[in-house]
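Q: I have just opened this structure and would like a short walk through it. Where shall we begin?
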Amino acid sequence: LLLKGMSLQSLNRNDEALVIYHALLSIYPRDADTLYLSVILTYTTGRVEESFTLLTRALEYFPKIPIFYCLQAGMLYKARMFPQAREAANRGLSLDQNNLDLNLQKLRIDADEPNEDERNEGLRRIVKFQDENHSELAYWKGEAEKHLNHSHDKAKEYYQKSIQLQGFGPAYEALALYQYENGNLEEALEITQKGEQAGSVYASLYFFRANILEKLGRYDEMIQSYDKAIEYDLWNLNYYLQKAEKLETLERNEEALECLTQVVEEISKVVNPEVDQIPYVVDLHRARARLLYKLLRDEEALATHESLKDVNLKLANVYL
């Protein structure tokens, strides 16, 4: 019956597969394989709450199976709950430091919530793995060459290998950064375009492209790249700030104000902003007030300062 469910899942007949998994769990609630498949299927089909419930049950039954911590770390990471994701990955690694998936997941977390010591420890572990056909592994070996050995040319070779194998997204950005740091702006821009054409589209690639386009003086394209970055990561408040700052530099103040007003209105609906976004919340209000003063809209500027006190009282106590 489990094999039938797996077969249906491989055919993308997910609802039918899930019926089978649910039936199996009603009979064998502690079956690790069924729990594992159920967690993945419910999560990938948007049943996130059910997926977390199943995963919690799996961890209660099987606290010594590393792959469940890998799943937990990945799901928390995608929910931007980085400290909790790191804790889950570390628990898994405490059980099995030789699990490649866990090591890769931990490095992804450390890249998005920078922790240099933990990242370097993870890079030292990752170089011990041998798989000549693993695109992501090649990328992280490049990162190890860059950060541990300070060998940028060797890192470049790994990034190129990663792209050749499968086109792992961050490898495009890393290779573009290599060219950027060596003053080869057109080459850096071309690499980001190749990444986009290959389907490796994500927010930080567009954000980096905006920096390249600014250096090249291609300002309209720069703003378009900021828009794409925001499209792929709506809640990265730094992207809005950077876009507004560049628009203000170009004396396109009304556009800058519109950008900030849009996101401030959305933030006002959020009761508890993510911890890593809190400093940006304050900066958004301040930047908006500055633009309003510049546009001689003094009363609105004063109201913006007041809204910072009223809407984000907890933040004001810490950061103002």
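**Helix contacts, a cavity and aromatic pairs**

A: This is a predicted model. A place to begin is the pair α10 and α11, where α10 passes α11 in a left-handed crossing.

Q: Which residues make that contact?

A: From α10 the contact uses His152, Asp153, Lys156, Tyr159, Gln160, Ser162 and Ile163. From α11 it uses Ala171, Tyr172, Ala174, Leu175, Tyr178 and Gln179.

Q: And how do they divide by class?

A: The contact of α10 with α11 has seven nonpolar, four polar and two charged residues.

Q: At what angle do the axes of α10 and α11 cross?

A: The two axes cross at roughly 145° and come within 9 Å.

Q: What about α9 and α11?

A: Helix α9 covers residues 135–147, and its axis comes within 10 Å of the α11 axis, crossing at roughly 30°. Here, α9 passes α11 in a left-handed crossing.

Q: Which residues of α9 and α11 are in contact?

A: Tyr139, Glu143 and Lys146 of α9 make the contact with Pro170, Ala171, Ala174 and Leu177 of α11. By class, five of these residues are nonpolar, none is polar and two are charged.

Q: New topic: how many cavities of 30 Å³ or more are there?

A: The count comes to one cavity of 30 Å³ or more. The largest cavity has a volume of about 40 Å³.

Q: What lines the largest cavity?

A: Its lining consists of Lys146, His152, Ala155, Tyr159, Ala174, Leu177, Tyr178 and Glu181.

Q: Which element gives the most to it?

A: That is α11, with four residues. The lining of the largest cavity divides into five nonpolar, one polar and two charged residues.

Q: Turning to the aromatic rings, how many aromatic pairs are found?

A: A search of the whole structure finds eleven aromatic pairs. One of them joins Tyr206 and Tyr232, which are stacked, at 5.6 Å centre to centre and with 20° between the planes.

Q: What does the pair of Tyr206 and Tyr232 tie together?

A: Tyr206 lies in helix α13 (residues 203–215) and Tyr232 in helix α14 (residues 219–232), so the pair ties together parts that are 26 residues apart in sequence.

Methods
Residues are numbered from 1 along each chain as its sequence is written. This is a predicted model: local features need pLDDT of at least 70, side-chain atom pairs count only at pLDDT 80 or more; totals for chains, interfaces and linings use all residues. Side-chain values use heavy atoms; hydrogens and water are left out. On a 1 Å grid over the protein atoms alone, a cavity is a set of points where a 1.4 Å probe fits but cannot get out, and a pocket is an open set with protein on both sides within 12 Å along at least five of seven lines; lining residues have an atom within 4 Å of a point. Grid points are joined across faces, edges and corners, and a volume is the space filled by probe spheres set on the points. Helices (H or I, at least four residues) and strands (E, at least two) are DSSP runs, numbered from the N terminus. Ala, Val, Leu, Ile, Met, Phe, Trp, Tyr, Cys and Pro count as nonpolar, Asp, Glu, Lys and Arg as charged, and the others, Gly among them, as polar. Axes are lines fitted to C-alpha atoms, for helices over the stretch in contact, and angles run from 0 to 180 degrees between N-to-C directions. A crossing is left-handed if the near helix is turned anticlockwise from the far one by less than a right angle, and right-handed if clockwise. Contact means heavy atoms within 4.5 Å. Rings of Phe, Tyr and Trp (its six-membered ring) pair if their centres lie within 6.5 Å; planes under 30 degrees apart count as stacked, over 60 as edge-to-face and the rest as tilted.
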